[in-house]
Amino acid sequence: MQVPQRQGGFTLLEILIALIILSIGLLGLAGLQANSLQNNNSAYQRTQASLLANEMLDRIRANRQGLEAGAYDALDSTTTSDPGCITSGCSSAQMAQHDAHDWGTRLGNLLPAGQGTVSGGGANPVFTITVMWDDARTGATGTECSGDTTADLTCFSLSTQIGRAHV
């Protein structure tokens with residue numbers, strides 16, 4: 001009687017197939033991890049934008065004279081300069097200018113291509129504070145808030161009504 005010969009290499013083939021399946025699974029997991037990191041960073045930036053918008057709202061409320069004089073009615077964080085009056089004492093208009101400059105500096109430091117605007121005031125007591133940044137890091141510079149991240153910055157807007165004193 002003849003003993004059957006064993007097939008050689010079949011176990012090696014099974015191991016190679018298992019390694020291929022494991023590799024595909026690990027690549028998928030790495031992709032999920034990369035997406036998770038990107039979404040976490042985006043959420044962090046949106047949180048920073050919300051905090052910075054509320055910070056500017058608090059600055060406006062704190063400078064009642066500047067608010068009533070219209071110093072906050074149309075601010076752009078990219079066009080302000082520091083009046084240099086903090087140590088010597090600021091007028092309400094200078095304080096508004098300082099607030100816009102300091103806010104713009106913080107926007108630029110905390111958000112990629114961060115900038116902001118404040119609009120409203122005058123006869124309309126509703127203020128809209130808009131924080132813009134390059135969330136997708138595409139190099140976008142547009143400020144239209146269209147949602148197209150290749151052309152426009154990502155926007156976070158906060159609208160609120162701030163009562164002015166009636167004379």
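Guide: Let us begin with Thr160, which lies in strand S4; helices (H or I, at least four residues) and strands (E, at least two) are DSSP runs, numbered from the N terminus. Please keep in mind that this is a predicted model, in which local features need pLDDT of at least 70 and side-chain atom pairs count only at pLDDT 80 or more, while totals for chains, interfaces and linings use all residues. Residues are numbered from 1 along each chain as its sequence is written, and side-chain values use heavy atoms, with hydrogens and water left out.

Visitor: Okay, is Thr160 buried or exposed?

Guide: Thr160 counts as buried, because its relative accessibility is 18%, and buried means under 20% relative accessible area, exposed over 50%, and partly exposed in between (1.4 Å probe, protein chains only).

Visitor: And what does Thr160 touch?

Guide: Leaving aside residues up to four places away in sequence, Thr160 touches Leu57, Arg61, Pro125, Val126 and Phe127, where contact means heavy atoms within 4.5 Å.

Visitor: Switching to the inside, how many residues does the largest nonpolar core have?

Guide: The largest nonpolar core has 22 residues, and those with the most contacts inside it are Met56, Ile60, Trp103, Val118, Ile129 and Val131. Such a core is a set of buried Ala, Val, Leu, Ile, Met, Phe, Trp, Tyr and Cys residues joined through side-chain atoms within 4.5 Å.

Visitor: Which elements supply it?

Guide: At least two residues of this core come from each of H1, H3, strand S3 (124–133) and strand S4 (154–161). The largest share, six residues, comes from H1.

Visitor: Take Met56, then; what does it touch?

Guide: Not counting residues up to four places away in sequence, Met56 touches Tyr72, Leu75, Asp99, Ala100, Trp103, Val118 and Ile129. Several names in that list come back when we turn to H3, whose buried residues are Ala96, His98, Asp99, Ala100, Trp103, Gly104 and Leu107.

Visitor: How does the span of H3 compare with what it should be?

Guide: The two agree, because the 19 residues of H3 should span 27 Å at 1.5 Å a residue, and its end C-alpha atoms are 27 Å apart; the expected span of a helix is 1.5 Å times one less than its number of residues.

Visitor: What about charges? How many salt bridges are there?

Guide: A search of the whole structure finds five salt bridges, each being a side-chain nitrogen of Lys or Arg within 4 Å of a carboxyl oxygen of Asp or Glu. One of them joins Arg106 to Glu55, with the closest N and O atoms 3.0 Å apart. That pair links distant parts of the chain, as Arg106 is in helix H3 (residues 92–110) and Glu55 is in helix H1, 51 residues apart.

Visitor: Are those two buried or exposed?

Guide: Arg106 is partly exposed, with a relative accessible area of 34%, whereas Glu55 is buried at 17%.

Visitor: Which residue meets Asp99 in a salt bridge?

Guide: The side chain of Asp99 meets that of Arg59, at 3.2 Å from N to O. Here too distant parts of the chain are linked, with Asp99 in helix H3 and Arg59 in helix H1, 40 residues apart. Asp99 counts as buried at 4% relative accessibility, and Arg59 is buried as well, with a relative accessible area of 16%.
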